[in-house]
Amino acid sequence: MRAKSRGGIHLRISKELLSGMYRKMLSIRKFEKTASTFFAEGKIPGFVHLYIGEEAIAVGACANLRDDDYITSTHRGHGHIVAKGGNLKYMMAELFGKETGYCKGKGGSMHIADAELGILGANGIVGAGHLIATGAAWSASYRGSDQVSVCFFGDASTNQSTFHEAMNLASLWKLPVIFVCENNLYGISVSQARHQTIKDISKRGEGYCMPSFTADGNDVVTVYEHVQKAVRRARNGEGPTLLEFKTYRQHGHFEGDPGAYRPKEEVEAWLQKDPIPRFEKYLTENKLMTADELKQIGDEVDGEIQEALDFAFASGYPALEASVQGIYSDIVEEARSR
């Protein structure tokens with residue numbers, strides 16, 4: 001089936017892939033809305049940063065990846081993990097601090113990881129993923145593997161030294177890493193215009209002699225196309241790419257943030273660009289999927305979210321002694337016991 005992106009690029013995209021991307025986007029949206037509800041009720045501890053409004057980026061990017069490819073995430077990481085194939089039950093349990101969670105209830109919202117799926121971890125440290133993703137890419141290159149590494153990060157993190165160090169090394173050694181900037185226009189409450197003089201972050205790639213592009217981050221097909229090219233380059237040993245996708249988080253920086261720093265008109269304008277209704281319109285108008293098919297997927301996702309909730313509610317909290325378990329790797333623990 002031939003689909004056409006907003007940019008006019010024609011690709012052969014199967015109905016299976018399109019429906020799969022739609023399912024992932026809905027899974028992220030419904031997971032996040034559920035998390036928002038229970039956080040507001042005081043049932044989820046710690047901070048929660050939601051990915052609502054940015055679903056097209058994680059899904060479009062991860063649709064190009066294999067299970068053994070790597071990703072690094074951020075404090076706003078639920079979407080990346082779901083898009084890469086993370087288990088909704090383990091994710092939900094982790095948010096509630098349960099022992100059946102991905103990190104046995106110790107990581108919470110900002111620190112979910114799954115090494116078996118190449119998910120090297122969400123991270124509460126701004127800019128930490130830049131170096132981790134570059135290190136993973138170096139590992140693949142050193143081992144002669146064609147694995148690639150995708151680094152998701154926000155606009156403000158490009159002011160961190162880690163961004164520039166990672167970009168420089170990746171360019172110098174032609175590492176198979178794709179830097180994906182999710183530019184939602186704000187670093188916490190500070191607009192991009194107040195923390196950078198450049199309009200397009202992709203311009204920063206020019207200083208490191210790597211292909212760099214800015215595109216619509218609310219169009220999942222456009223994201224898919226750009227990342228597909230970058231992944232192909234990386235697998236072929238041609239080095240890194242910097243991709244900037246413009247998007248918008250529909251909620252505040254964190255749950256409970258009133259977002260008074262954002263003009264009402266701006267918020268309303270971006271709500272009209274919501275990536276999920278846009279994709280639904282794209283699919284139905286191009287006769288790629290029917291409204292009934294979309295509804296069926298939505299109903300199935302609702303069931304999956306409810307199963308994840310039931311799993312989390314039925315799970316126990318970790319025992320007190322578990323607080324000191326799993327802190328060190330087996331190698332370190334063996335050395336300490338000698």
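## Burial and the model

A residue is called buried if its relative accessible area is under 20%, exposed if that area is over 50%, and partly exposed in between (1.4 Å probe, protein chains only). Tyr282, at 5% relative accessibility, therefore counts as buried.

The model is predicted: local features need pLDDT of at least 70, side-chain atom pairs count only at pLDDT 80 or more, and totals for chains, interfaces and linings use all residues. Residues are numbered from 1 along each chain as its sequence is written, and side-chain values use heavy atoms, with hydrogens and water left out.

## Aromatic pairs

A pair of aromatic rings is described by the distance of the centres and the angle of the planes. Rings of Phe, Tyr and Trp (its six-membered ring) pair if their centres lie within 6.5 Å; planes under 30 degrees apart count as stacked, over 60 as edge-to-face and the rest as tilted. The structure holds 13 aromatic pairs. One of them is the edge-to-face pair of Phe38 and Phe96, with 5.8 Å from centre to centre and 65° between the planes. Phe38 belongs to helix H1 (residues 15-40) and Phe96 to the loop between helix H4 (88-95) and helix H5 (128-143), so this pair ties together parts that are 58 residues apart in sequence. Helices here are DSSP runs (H or I, at least four residues), numbered from the N terminus. Both Phe38 and Phe96 are buried.

Phe279 and Tyr282 form a stacked pair, 6.2 Å centre to centre with 20° between the planes. The two are three residues apart in helix H10 (residues 275-285), so about one helical turn separates them. Phe279 is buried, with 3% relative accessibility.

## A ring cluster and charges over rings

Tyr186, Tyr248, Tyr261 and Trp270 are linked into a cluster by ring pairs. A charge sits over a ring if NZ of Lys or CZ of Arg is within 6 Å of the ring centre and within 35 degrees of the ring normal. The charged end of Lys273 sits over the ring of Trp270, 4.3 Å from its centre. Likewise, the charged end of Lys98 sits over the ring of Tyr317, and the distance to the ring centre is 4.9 Å.

## A loop residue

Ala115 is found in the loop between H4 and H5. With a relative accessible area of 67%, Ala115 is exposed. Ala115 and Ile71 are 44 residues apart in sequence, and their C-alpha atoms are 9.8 Å apart in space.
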